[in-house]
Amino acid sequence: MAVMEMAAREKSAQVGGATLKYLEGGSGAPLLVLHGELGFPGWTDAYEQLSKTHKLIIPLHPGFGVGDRVEWIMNMRDQACFYSRFLQEQSLTPIDVLGFSMGGWIAAEMAANNAAQFSHMALVAPFGVRPPSGEIRDLFATPTQNYIDASVFDAVGAPELSKLYGVPGPKQYEMWEDARAEAARLAWVPYMFNPSLPHLLAGVKGLPTLILWGKDDRIVPASTADVFASAITGAQLELFDKCGHMPEIEKKDQFLARLTAFLAA
Amino acid sequence: MHIGTFTERPYANLAENEVYRNASFFGVSNKHFDPKVGADLYHRYLDQNVAAEDLGFDVIMLNEHHANPFTMGAVMDVEAAILAARTQRVKIALMGNPLPITDPLRLAEELATIDMISRGRLVAGWVRGAGSEQIANNVNPSYNRERFNEAHDFIQQAWTRNGPWRYEGKHYHYRHVNPWQKPYQQPRPECWIPGLVSPETVIWAAQHRYPYLALATFLEPTMEMWDMYADEAERQGYQAGPENFGYLQKIVIAETEEKAQELGHAWLYGGGQPAFARPEWMFPSGYNSKAATARLAKAFTNPETGDVALASATYSENIDVEAAKRATLATYQGFQDSNQFIVGTPKSVLPKLRHVMETIRPGIFICWHIEGGTVSQEDAMTSLRLLGTQVLPEMRKYAKELGLTSPDEMKPGSRPLPANGKRLPVVGKVDRAAE
C-alpha cells in the first residue's frame with residue numbers, strides 16, 4: 001500500500017465508541033470514497049486525478065488491514081449506518097459518494113437508508129445484489145492474487161494493476177488476509193449480497209446516480225448492473241467494453257471522464 | 001497407557017488420478033462415488049473397529065470430514081452409535097466433533113445418546129474443523145474460534161444444568177434448552193482435544209485440563225506444543241503428565257518387511273495427507289488468527305523474490321500425473337526416517353515405537369492403521385491382528401516401565417506441581433528420580 005507516497009494525510013474520528021481512521025487529500029468539493037473488499041489499494045491514478053478537483057475523504061474500513069475491527073459491526077448494513085453517523089457527526093452531508101466493489105455496496109446501503117445524505121452517488125461494479133445470471137466469484141476460497149488477476153479483462157493492458165498489486169510481500173499478504181477475514185465476517189452468507197437491498201433501493205428517488213461496470217466483469221457479473229439501474233429511479237448506466245471489475249484501472253480515461261462529468265452536473 | 005486404533009475410512013475405490021488432477025482430495029466430484037461400494041466400505045470399517053476390541057485395543061477412534069473421499073466419516077456420530085452397541089469394553093473416542101459447524105444442542109443430545117448406549121465409554125473430542133469443513137458446511141470461518149468456544153461452553157451447560165432454560169449467546173440462541181438425554185458419565189463425558197499445530201488450541205486444552213492428542217505431527221513440534229501445554233498447566237496450578245498427552249502414529253505391520261513396505265506406500269495414495277485440501281480451502285478467509293496468518297506469511301515467503309506462496313496458486317487438470325506420483329513417492333523414505341511412518345514386522349517396529357514413546361511420553365497412543373486405495377481388507381486385518389497380538393503387549397510393558405499413565409490411571413489435571421511451583425519436564429528423557 002503506497003500510503004507514504006500519496007498526497008493525503010491520515011486522520012481519525014470517534015464514531016459509536018470506535019476509532020475510524022480515514023484519509024483526506026486534494027481540494028475542492030468533498031467526495032466520500034469507499035474502497036473495496038481487499039482494503040485500501042494505495043493512492044491510485046484515479047484518486048490522483050480526482051484529488052485535483054475534489055477533497056477526497058477515504059475511510060479505511062475498520063478491520064480491513066489498517067484500523068481495528070469493530071465487533072458490533074456484523075454486516076454491511078451495520079457498516080453503512082456506521083458511516084452515516086460519521087458523515088452526520090462531521091457535518092459532511094449531503095456529500096458526493098464514490099464506491100468501488102464492496103464499497104459500492106456500502107454506499108448503496110447508505111442511500112437505501114437515507115438518500116438525502118448524498119448529492120451524487122457513483123457505484124463501480126458494486127456487490128450487494130444477487131446477480132440475475134451467473135455468480136459472484138468466491139473471494140473467500142480463492143487465493144488473493146488469483147482473485148486480483150480475475151479482476152481485469154486484460155492484465156497486460158492495465159499496467160497500474162501490477163503497480164498496485166504486484167509482488168505481495170508478507171506485510172501485504174497479512175493485510176489482504178485481514179481484509180478477507182473482515183469481508184467474510186460481514187458478508188459470508190448470503191455471499192456478498194443483501195436480499196432486501198433491491199427492494200429498498202427502489203425507494204431511492206431524486207438522487208443522481210451513476211452505475212459504472214465492465215462488460216467482462218469476472219467478479220460480479222455485469223448482469224447485476226441492470227438490477228441497480230432499474231431499481232434506483234433515474235440511475236444512469238455506463239458499461240465499458242473489454243473491461244473487467246476495475247474500470248478505474250482498465251479504462252481509466254473513459255472512467256474519469258464519465259465520472260467527473262457526472263459529478264459536475 | 002491407552003492404546004487405540006484409527007483409520008481415516010477412505011473411499012478406497014477412488015481413481016487416484018482424479019485426486020492428482022484436482023491437486024487435492026477435497027473438491028473431487030462425487031460423481032465418482034458409488035453407494036454400493038460405500039455400503040461395503042462402511043461395513044468393512046465397522047467390522048475392523050469391532051475386531052480391534054477383540055484384539056485388545058483400549059480405544060477406537062473416529063474422525064469427521066466433509067465432502068471429501070479422504071474420509072467417509074462425514075457423520076461420525078452415526079458410526080459411533082453403531083459401535084457403541086456392537087462393542088462392550090473399548091472407549092469410543094470422537095476426535096473430534098467440529099463444533100463451529102454443528103448445532104450444539106443437537107450435538108449435546110447425540111453425544112449423550114452415544115454415551116448411554118455405550119454405558120459411559122464415549123470420549124467426546126472437540127475440533128474447530130479444517131478450513132474445508134467451513135466451506136463444505138458454509139459456516140463463517142471468521143467466527144470459527146468464537147463459535148468453537150461458545151458451542152463448547154453451551155454443551156457443558158446443556159449436559160449439566162436442569163432445564164428448561166433460555167440461552168441467548170452471540171452465535172447460538174435457544175428458547176427451550178431441556179434435553180431429555182443426559183450423559184451416562186457424570187457430570188460429563190471424558191474429553192480429549194485433538195489438534196495439529198494451533199497453539200491457541202493447545203493453551204485452551206491445558207486451561208480446561210483436557211488431554212491434547214497430537215495428530216501424527218512431527219516429533220519436534222509435538223514436543224514444543226506439549227511444553228507449551230505444560231507451561232500453561234503450571235500457570236493453572238497443576239503438573240502435566242502423560243495422562244495429559246496423546247499421540248496418533250501411522251503404523252503398518254506385515255509378516256515380512258517387503259510386504260510391509262509395499263503396504264506403507266498407501267499413505268501416499270493420491271498424494272497422501274498433504275493433498276487433503278488445497279491451501280485456499282484449508283485457510284479460507286478469517287479461519288486463521290492474525291498470529292497464525294503472520295506465522296504462515298513468514299513461513300511461505302520466498303527469501304529471494306519476497307513473494308508469498310500462499311497468495312496465489314496455479315492448478316491444471318493437464319498435469320503430468322505420473323511425474324506427480326513419482327514426486328510423491330520420493331518422499332516415502334523421509335517419512336520413515338522421521339518415524340512419521342512406522343513400517344515393518346512386529347519385531348522391527350518395536351524399537352521405533354519405543355523411541356517415539358520415550359521421546360514424547362504420551363499416556364494415549366493411537367495407531368493410525370493403514371488404509372487407502374491399495375490396501376486389501378485382508379492385508380489391513382493382518383496388520384491389525386499382528387499389532388494387537390504381538391506389538392500391543394510389548395508396548396504395554398514399555399508404558400509401564402516409562403510411567404506413561406493413561407487418563408484412567410491418573411485424572412488429567414490432578415497431578416500437583418512440585419513444592420517450588422516449577423513444573424517438571426514432560427517430554428524427552430525424563431529423570432524419573434526427580435518425580
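Q: Which residue forms a salt bridge with B:D379, and how far apart are the closest N and O atoms?
A: Side chains of opposite charge can pair when their charged atoms come close. In this predicted model, where local features need pLDDT of at least 70, side-chain atom pairs count only at pLDDT 80 or more and totals for chains, interfaces and linings use all residues, B:D379 pairs with B:K259, the closest N and O atoms being 3.1 Å apart; a salt bridge here is a side-chain nitrogen of Lys or Arg within 4 Å of a carboxyl oxygen of Asp or Glu. Side-chain values use heavy atoms, leaving out hydrogens and water, while residues are numbered from 1 along each chain as its sequence is written, and chains are lettered from A and ligands numbered from 1 in the order in which they are written.

Q: Are B:D379 and B:K259 buried or partly exposed?
A: B:D379 counts as buried at 17% relative accessibility, whereas B:K259 is partly exposed at 27% (buried is under 20% relative accessible area, exposed over 50%, partly exposed in between, with a 1.4 Å probe and protein chains only).

Q: What is the area buried between chain A and chain B?
A: The size of an interface is often given as the accessible area lost when the parts come together. Between chain A and chain B it is about 2,200 Å², with carbon and sulfur atoms giving 57%; this is the accessible area (1.4 Å probe) that two parts lose on being put together, summed over both.

Q: How many salt bridges are found across the interface of chain A and chain B?
A: The rule finds 2 salt bridges there, and A:D178 forms a salt bridge with B:K290, with the closest N and O atoms 3.1 Å apart.
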